Amino acid sequence: MHSVVLSLIVVVRADGTELDEFLASLATQVLTDVECIFAVIGSDALQLRVAEAVDDRGIRATVLQASVPDASTARREALARAAGDWVTFPNARDVLGRNYVEALVGEITEHGESVDAIAVPGRSLSSTAAWVEPHPGRTVALDATLNGLTGDVSRLALRRSPVGPAGETTDQYYDELLVIDLLEHRGAPTAVRFVGGTLYLRRPLPPLDAQTARLRGDAARYLALLDEIARRLPDSPAQTSWKHWYSLRTISRLLAFENTTVRRATSLRGADGARFRAAFRDVLALFDDQLFSSHAERADAADERRDMLLALKGRTGVAAAAHIVGVDADAALMQVRHTRWSPTSTEELQTDGAPAEPVYGKRRAVEAFGSTIYQERIVWIPIHGRHSLRVDGVDVAILLADGEAPAVPDDPHAFAAQVEDHLRPGSAVGAAPETPGRQGWRAALRQARRSWLSRAAVVRGLARVPGVASGFDDAWLLMDRANMGRDNAEHMYRWLMEHHPEVNAWFVLRSDSPDFARLKAEGFRLVPYGSLRHQLLLNKTTQYLSSHVGIDVSRPIFDRYLLRHAPWTFTFLQHGVIHNDLSIWLNRQKMRLFITSTPQEHEAIAGDDSPYVFTDREARMTGLPRFDSLRRIADAAPVEKRRSIVIAPTWRNGLFEPPTASGELRKPKAGFRDSPFIRSILGVLGDDRLRSLAQRGYTVTFVPHPNLAEHFPYDAIPDHVEVTTYDKADVQELIGNAAVFLTDYSSVAFDAAFAEARVVYMHIDGGAVYGITHTLYPGYFDFERDGFGPVCTTADAAMQAIDDAVAGRTPHLYRKRVRDTFPYWDQGACARVFDAAITDLNLRIGEPDRRPGEYSIT
């Protein structure tokens with residue numbers, strides 16, 4: 001009887017929809033001296049279906065049912081049944097490359113006695129390029145950091161060893177601890193073998209998968225994870241070992257989650273958060289501070305992950321160095337950031353020996369696990385001059401991001417290049433340690449940017465050819481979404497056409513968008529999104545204005561990673577008034593101007609103790625460009641004469657299955673139609689009082705959120721309700737003519753309030769749009785304290801509020817809030833945005849005193 005060389009332990013979760021593709025790849029492998037064990041997380045029916053599917057493929061396997069719905073626990077349970085000398089844990093969602101098992105068994109046979117682990121290179125199923133492994137087909141020695149040993153257990157083979165059972169509250173993020181348990185029986189790992197000639201093909205995980213939701217939804221899971229880490233470590237940080245380094249990957253993963261809205265620890269609030277932070281402090285006491293640097297070789301380099309860990313460990317005082325992390329070469333300003341673990345009372349900035357004040361500055365609150373853990377001082381100061389900084393009597397060096405001293409700046413643009421060259425990639429919160437493979441990717445990208453063969457270089461070359469792109473000289477590019485207009489960029493473009501035809505403005509939109517023909521007929525100069533003309537336009541643009549922000553907006557596919565130095569400045573026109581906390585997303589974006597609409601919103605973005613990195617340098621309170629049109633429509637239709645009721649709820653992430661691929665339309669979960677959220681909407685739409693209003697001549701319009709529109713049970717909507725969607729309706733006309741506007745949490749309520757409609761909020765599920773089951777995080781706006789209408793917790797109460805609003809029984813309190821919220825009640829938002837953009841542009845071209853009326857670029 002042959003001994004078993006390798007055990008494949010495969011966890012099947014949820015409904016096993018991708019299992020067939022995995023089994024098809026497994027059936028092509030040579031499985032001699034290999035055993036397969038499937039651990040099924042799910043029902044008896046799923047276990048039977050998996051067993052039948054495995055048998056249909058002619059694969060000899062054991063199919064087990066996991067006792068708890070956790071992947072790492074299921075792996076441990078299956079490991080107790082394994083007989084192989086080595087074990088690996090492929091995921092049933094993924095695909096094994098050609099000759100995968102044969103290559104792995106070959107490496108075990110030839111090198112298994114001399115190495116501790118064997119790693120297989122990976123590739124995303126959505127990509128054509130493999131992740132670059134540092135040494136394919138070679139054995140590499142490991143130091144104490146284990147740098148180079150992947151934390152992805154699905155493409156790692158390890159010598160089988162007995163491991164203890166997991167606790168009752170384990171999760172997939174214990175996989176690093178499973179690796180520790182398998183490795184520790186041989187002592188400190190010394191070598192890893194990298195397989196060549198095959199690939200592990202990995203399906204990207206959705207932003208919020210079921211396992212992540214389980215972790216973030218239960219404070220006990222976080223506490224249990226800390227206990228599991230602590231019991232594997234020596235009692236003293238002086239005994240730093242390879243286990244510290246590998247455990248730190250799990251801790252870093254938790255910090256990375258805190259920088260992702262849909263993954264952050266929303267369950268850790270109040271007493272749970274306090275208990276977790278105390279337990280975290282105890283665990284971090286087992287680590288030497290030097291281990292916390294995620295990339296930096298110098299202790300005085302910028303490293304947000306390190307600063308967070310030190311804060312959570314209990315560090316007080318201020319950092320010894322502040323870091324230059326950005327440059328506005330046109331204004332000759334540089335952005336300097338400084339970490340402060342304790343509240344500070346004095347800050348002394350000197351330039352060339354004389355007291356000085358920052359041009360712009362703020363305190364940013366850095367949050368994690370439900371609390372502010374330290375403050376970051378962000379200032380913009382002049383590039384020129386020799387600066388010194390003292391904080392509470394402590395001298396603070398002003399250095400580049402990597403800890404080097406900056407050269408004395410001469411040319412601001414050359415200094416900007418120097419600062420960028422010293423910015424370390426991956427320094428965001430919770431970034432994983434740099435590996436040779438990831439360095440290889442970045443080197444390849446840098447080479448692509450330099451290469452004359454790259455698409456970006458070719459387009460740049462074409463843009464310089466006389467006559468090819470001359471029509472785009474000094475262009476202003478405006479854009480809403482790639483596939484639709486009807487937002488602030490469209491309104492801004494229309495205003496420019498009328499008031500400043502000398503501006504070389506262009507509007508970008510997909511040619512298959514329903515709005516393309518409409519805007520073309522109106523006289524918009526359109527450029528198809530993603531086309532060669534779009535590429536040429538990007539290379540000639542000086543001002544980029546968009547209601548949305550992100551790489552898909554500013555850089556079309558294929559060129560998005562290659563066009564490194566954008567020639568434009570970006571103005572974020574916004575999609576709506578921000579009232580939730582969007583800092584995690586927006587802090588990653590690079591923008592020159594950030595349009596705000598209300599003093600409260602502006603303070604939340606640019607003020608002290610906010611989580612945003614933006615200051616008054618970027619933020620400009622002008623109002624949204626679409627407010628001009630909305631004001632005109634609303635003024636023409638006095639609210640007391642309006643006969644329209646608009647009902648426009650948002651959506652609930654928890655009612656939909658996680659996406660299986662980026663951009664894929666999500667499917668509703670079972671029970672979607674009967675959920676309290678959907679029933680409450682139908683309850684209002686079908687209420688006899690609403691029918692009575694319709695019979696009295698009121699138009700009732702239902703506008704579902706785009707994520708609801710595809711699946712809403714329209715057959716249950718009564719005949720007295722009209723239905724439309726955001727991509728079909730003129731939303732400005734709907735809102736501007738609305739007597740009553742009902743929503744739950746939508747920021748469109750700000751538009752409705754500005755149009756003087758009576759606002760009603762329906763909160764029937766206790767804030768379910770926030771935290772564990774949704775994608776939002778609460779911000780400065782409190783609906784009860786700051787809202788523009790009553791907050792109703794039942795459909796009946798919401799309907800009564802609509803009745804009261806129609807009858808004119810709206811309390812004066814709400815009208816006063818509306819008046820106090822908006823500083824501008826005119827049609828001047830577009831002009832103010834233009835003024836801000838021109839002021840910025842004049843700064844760039846070296847003519848700061850030129851007035852907007854004197855502006856001409858042709």
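About 60 Å³ of space lies in the second largest cavity of this predicted model. A cavity is a set of points, on a 1 Å grid over the protein atoms alone, where a 1.4 Å probe fits but cannot get out, and its volume is the space filled by probe spheres set on the points. The model is predicted, and totals for linings use all residues, whereas local features need pLDDT of at least 70. Residues are numbered from 1 along each chain as its sequence is written.

The lining of this second largest cavity, meaning residues with an atom within 4 Å of a point, includes Ser597, Phe627, Asp628, Ala829 and Arg832. Helix H20 (626–636) and helix H29 (829–844) each contribute at least two lining residues; helices are DSSP runs of H or I with at least four residues, and strands are runs of E with at least two.

Across the whole structure, three cavities of 30 Å³ or more are found. Among the residues that line the largest cavity are His338, Arg340, Glu347 and Arg377. Strands E13 (333–340), E14 (347–351) and E17 (371–382) each give two or more residues to that lining.

Technical notes
Predicted model: local features only at pLDDT ≥ 70, side-chain atom pairs only at ≥ 80, totals over all residues. Heavy atoms only, no water. 1 Å grid on protein atoms, 1.4 Å probe; cavity = no way out; pocket = protein on both sides within 12 Å on 5 of 7 lines; lining within 4 Å.
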